[in-house]
Amino acid sequence: MRARSLFFAALSAVAFAGTAAAQDEFQKPGAVIQGPVEPQNPGALPPPSPDAEYREIPVPDRVRIMDALGVPDDPLNPYHQSTLKGDRPVFDDWYVVLGAVLDTLYEPRTVPVPENVVSTNRQLSNDQFGRPRQTFFAQTLIPTFTIIKGDTTFMPPEYEFTVTPAVKFTHLGVEELGIADVNPAKGRNRNSGFVGFQEAFLDYHIRNVSDRYDFDSVRVGIQPMNVDFRGFLFQDQQLGIRFFGDRANNRFQYNLAYFRRIEKDTNSGFNDLSKDLRRDDIFIANLFVQDLPVTGFTSEFSVIHNRNHETGFHYDTNGFQVRPAVLGFDAPHAYDVTYFGLNGDGHFGRLNLTESFYYAVGKDSVNELSGKKADISAFFVALEPSIDFDWIRLRGSFLYSSGDDNPRDNTETGFDAINENPQFAGADSSYWIREGIPLIGGGGVALSGPNSLIPALRGSKDEGQSNFINPGLLLIGVGADLDILPELRLSLNANHLSFDSTKVLEQLRQQGPIRNDIGWDMSVTANWRPFDTQNMIFRASGAVLVPGDGFKDLLASEASDKLYYSVVLNLILAY
Amino acid sequence: MHIKSSSGNLFSTDMTGGKKCCLATALVLALLIGAGSAGSALAQTTTVVASILPNSRSVQVGQSATAFATIINAGSATGTACSIAPATSIPATFSYQTTDPATNISTGTANTPIDIAPGVAQSFVISLATSAAFAPTAVAFSFSCSNAAAAGTIAGVNDLLLSASAAAVPDIVAIAATSTSDGTVHIPNNNGTGAFAVATANVGAGDAITISADTGAVGLPVSLTLCQTVPATGQCLAAPSATVTTTVAAGATPTFSIFAQGSGAIPFAPGTNRVFVRFRDGANAVRGLTSVALVTDDPTPVAPGPVLTPSSTLAGAVLTPADVGQVISQVVKEATARGKPATIAVVDRVGAVLAVYAMNGAPATLPVEDNPRGANATPLVDGLNSVALPTAAEAITKAITAAYLSTSNGNAFSTRTASQIVQDHFNPGTMGAASGPLFGVQFSQLPCSDLSVRYDTIADTSSATRGPHRSPLGLAGDPGGFPLYKNGELVGGIGVKAEGPYRVDENIYDNDHSTDEILALAGTIGYDTPAAIRADTIVAGGITLRFSDADTSDFVTSPATAGGFAAIPAGAGSLIDVSGYYNKSDGLRAGSVYGSTASGLVQDFSGAINSSVPPMLLVDGTSRVRYPASAGAGTGAITQAETSALLREAYASATKTRAQIRNPAGSVLAVTISVVDVNGTVLGIATMPDAPIFGIDVSLQKARTALFTSSAYGDSALTAAGLGRFSTAAASFFGKPVFSGSVAWSARSIGNIARDSYPDGIDTTPNGPLSLSRALSTPFSNGLQLDLVLGNLGQHVTSVVTGNPAADTPAYCTALPAPPGSPTGRPVLSNGLQIFPGGFPIYRNGVLVGGIGISGDGVDQDDMTGFLGLYNAGQGLGTGIGEAPAAIRSSTLYGNGAAPHYVNCPFAPYVDSNAQNLCGGK
């Protein structure tokens, strides 16, 4: 959002000013203090003498300098000074920032789907697996309205009100019945529109705690939150209260937050305020420390507690049961789980590294396969080393999410996130991450939800509960980002995926043995920014999943199951 | 349509001691439905049948001869202006008048035609005032309505042998009673012996009377003998012989038994194949006559099956009398401590009842739960809901359910498991999900099933042990039925009924603390279910099955220390008789070893069907195969070779198919395969070792269901049985008649349209045409499936309640007419309709010739085994045998925006390959 970038621009401006002005005071511990820096700019004009005479010309204020220079306010051009973009106050030091994003998505794909169990639309279609082709189209408009009070250039704003409604129209076309809607008589297409609120918050700058504008703030309302660098555990726009701030010239940043989740509209994924809030609470405490263990690497320590007491039945917009998941005992259950996280992002010399580690511990009132209460003990680790060679970045990806190899015992060892949105290993260009794959014949759950890595066997990623009896995942991959042109980036990814343990799948499907190999997920993405800006981005990606033995043991398609593909054509226009 | 010869009151006996008024009412209604009522009067014409009792009178000239007549309106429209007139010219004046069948007192006005509602049996008294002497003459009558053709005359059924003499002569009024109370004597296995009784009253003068029996104008392969009997005991006074001569004084009431020893197949043809008992006076004039229909139980003229030798190493676990007593004692101890007197039934694996024990104070009846949706609109559409049933029958049903649904090596199911899989959603109480996979299985193992063995040691001593036995109420979803195991082997089941309604568990997410279940669990201590195969470790469609809410922590006693049967305190209760199931005089009985001749299932090592997994075959008491692979009847019928191929191919597919309900995951399934010909006659049955017993009857139901609904006579048969409303509803739903031969129906598709919502599971949509509406439909009242057999169930429950085996339902279900030209004369659905997947019609070059049915594992597995068995057999045979033509399959029909599925084969179907999608395009 424009509002956030303004905010961070202000912070970095402050930080820069501080470094330049008082270098020794803020010298990093252990660093050798160098002598005065010699200008390295031969041929440049010398700076004016301190004794030179100045002629003072009064101007109204800094934001109207451009007026004086004859550059008019242009509300339609975000790169001109614009009152609508918070460049000039509308009153006193109150600013307005407007933004809008228009996102158009067209996605042809193939996904294993079940032949509907009670009705058919084709003669001689006599098996469990139906035809896999689907077409998905989404048109999204996200306007943002922000009001800010404060001298935004030099310090964090004192107040910020932001409201971001979002409008989405989606169309899904499939080849089988009972996919678009639980009622097979409703056919193979679904059109759906929804208006949700993705942001609606008040941000109050409580205080500054240092001359460098280290601060404490509080933000209340529907707000974005991401608890780690890559969206592995919880990234969402949810209702909550968050205290945050920094210390020591922004070298320490903290968050203390509480969220109570809003129900999502099924087909848009947007917040649906017409429904009661979920009985699902998230408590977050984290601390980011810069330059730990080495300069250029930021480490995050976090403790996140998820308390879910959703013991009723919930059905999604299309009539499918999502809570509890149709899985095993299908029994409403509550769980309390605490995640201890150690995440990091930065570089060791030339080697870039992002890492994530979580350990989940807690209690589940019903293990859906044993029918008894159980402990939760699971872990997750992800590593992404990369190295840059001029315009080429080479990446490696490793991820392990623990599975449950004895799902009927009293410890659930399958790791599941709260609401993942992983930016990893190809992210939403990857077939496995992008597509929701149903566990046909194993209950009303997804083997892997949309925009997720973990084969969590949830009833729904957005609306379902976490599930700690799952097969887990091992991902090993390589990738490359190629900045072919300043405007054009090409990303290539190849990941090999396998389950950690298929025991839970064998029990759910009353099938055995099921092998571990999910297969190869390969994708290519082109990002084209014709104007070198974020105002127009065209993205095209294609991904294939070449099923491995384990995937073939589980799923197939009526027409062909040689491979599954996902093509994404996406145009994003932003104001 | 069998013809009732009685016009008297069926319900004059006190039956229950408890809620007898309600029970009687409900049963009357049930019987009426069974006889075919409650249809909307769409058609303008109707059909009537008639009977006369007694069938002979001999009077003096000037006297009137009277008899009772009954006209049954078997059609779906009200019969208007129905009347009776003599069709034979005799010197007598005829009159008729309606009577109250409860009292036999005249009602209405003499000689006045009357309207008869559909399904109603109207009784009359007829009178012939003689004016001149004439020799014994068979007087025929015209029983007709203005909108119905006259009922056909059947000698010995609705004619009257009448004479008028100058002097007083003997006038023997004779009434025959058969054990099945359907006016038919059944000869077991073609060569067994059937019997019936004749009671007489001489209302004329005394004389020496010679009694003889014959088959009238037709020669039948039967040898008839008779004896005079002691009226109180039915014992013969002398060895049976061809004739008996005895002096019958005026007013005397001698009784007789007639024995029919079969020597060949006798089809069911009640109009012609009958036994007549004639009473001749000293002048050799017939002064009394009665008759019954005669049929052999295996009426298809097939070669006798081979005799199988049970494996010499057969050493299965078995319930001993001591075990049975121990189980009962454990329940009694816990029940006594709780103050919940219970009725306890123990059965063996093949359903033989080993003991029924009623504690003092145990309720004699407990009602079926009310419709939980509260609809209860009229009793007519409420089926069994709210009907009081004998607790002994409930307990037996629960014990049989657990024994029949469980296996030794794969799965152990309880009645609670059954409850979970027969309701409108799977899981019950959720929305959107389709119905339970075994929706409808509660109406299998029916007491009228022609397949199931009846406990009738007079007709067949082997029937005491030999299974598969019938169940009094089908299968139960009422918690409180568990399987019994010894050394890890299934040996039987226990059922307990102590309190509360006979119900299903509508909320599986709570613990309902069922007393019945806690008590039954107490009985299983020491006979525990192996944990590795318990239902709650088995997942179907991703959903774990339930086994028990009760656990050992619920006990207030230590059942294991109860001691044996002898340790039960005096006065706690006693063994009780349950007509048709158990005689307390037998004491505690031993179960039979599964696989022994006594169990009725013997393994066939001949390799004729399969040599790697030798099948179990149903045998009679001499170990002779009951249903050897046979040829069907009629032109173009399935040949013996084709039956063998169908059994072999389906069996071969089954032996590598992954089980849905057996542990460990990846096991091979165990199912039963049945093949029938175009008349529904069994051509062969093969069941895999350790297959659950319930699948034997159900596989036959499925084969017949697919056949019946795909046949040209489906619609007309339903209409004739008074169930035309379902035929009409289906035609309206799909825009054309769909049970008239133009549509090939699989059992899956029939199930689709026999659900309380269509598409199945979508609560907001209307019900399928074979179902009741969603508000009315329950597992105890689900539309056509129950209505077809409600009359049979009513008869059966009456016989259990009254302890009168003679009142029992006949050994075939439904009031449907037999297919035209059927040599058996039996309804196709002789063991009831089934409405879950696994049955397919068999075609030869597009012509319907039979059906195949599979049952015993997951419904998709059943489906595939039948579908591929038929397909593969057809491919191999090359005789035109195969699947229904695609163009006429039920999946071509659209109703309410959706087409039903014809077949749905499972994912990852075979254990020996990772092939998928084996059925598509076939």
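Reader: How many residue pairs are in polar contact across the interface of chain A and chain B?

Author: The rule finds 32 of them, with both residues at pLDDT 80 or more. Keep in mind that this is a predicted model.

Reader: What makes a pair a polar contact here?

Author: Two N or O atoms have to lie within 3.5 Å, with one able to donate a hydrogen and the other to accept it.

Reader: Which elements give two or more residues to the side of chain A that touches chain B?

Author: They are β3 (119-120), α4 (503-509) and α5 (549-554) of chain A. The largest share, four residues, comes from α4(A). By class, that side of chain A divides into 20 nonpolar, 20 polar and eleven charged residues.

Reader: How many residues are in contact between chain A and chain B, and how much area do they bury?

Author: Chain A brings 51 residues into contact with 57 residues of chain B. The two chains bury about 3900 Å² between them, 51% of it on carbon and sulfur atoms. In chain A, A:N126, A:D127 and A:Q510 lose the most area to chain B, together 19% of what that side buries.

Reader: Why is β3(A) said to pair with strand β37 of chain B?

Author: Pairing takes at least two bridges. β3(A) and β37(B) (residues 899-900) have two, in the antiparallel sense, so they count as a pair. Within it, A:T120 stands opposite B:A899.

Reader: What makes β10 of chain A mostly covered?

Author: Seven of the ten residues in β10(A) (280-289) are buried, and buried means under 20% relative accessible area. β10(A) runs antiparallel to β9(A) (252-260) over nine bridges, with A:N286 as the bridge partner of A:N255. Ten bridges join β10(A) to β11(A) (297-308), also antiparallel, and there A:A285 is partnered with A:V303.

Reader: How do you know which strands are the edges of the five-stranded open sheet in chain B?

Author: The order is β1-β3-β8-β5-β6, with antiparallel pairing. β1 (48-53) and β6 (105-106) each pair on one side only, which is what marks the edge strands.

Reader: Is helix α5 of chain B mostly covered or mostly open, and what covers the buried residues?

Author: Mostly covered: ten of the ten residues in α5(B) (515-524) are buried, among them B:I518, B:L519 and B:L521. The cover includes α2 (321-338), α3 (391-405), α4 (415-420), β25 (481-486) and β26 (489-497) of chain B.

Reader: What is found at the start of α5(B), and what follows the helix?

Author: At the start, a side-chain oxygen of B:S514 reaches to within 3.3 Å of the backbone nitrogen of B:D516. The cut-off for a polar contact is 3.5 Å, so that distance is inside the limit. After the helix comes B:G526, with a positive phi near 90°.

Methods: Residues numbered from 1 in each chain as written. Chains lettered and ligands numbered in written order. Predicted model: local features only at pLDDT ≥ 70, side-chain atom pairs only at ≥ 80, totals over all residues. Heavy atoms only, no water. Buried < 20%, exposed > 50% of the residue type's maximum accessible area, 1.4 Å probe, protein only. Contact = heavy atoms within 4.5 Å. Buried area = accessible area lost by both parts, 1.4 Å probe. Nonpolar A, V, L, I, M, F, W, Y, C, P; charged D, E, K, R; others polar.
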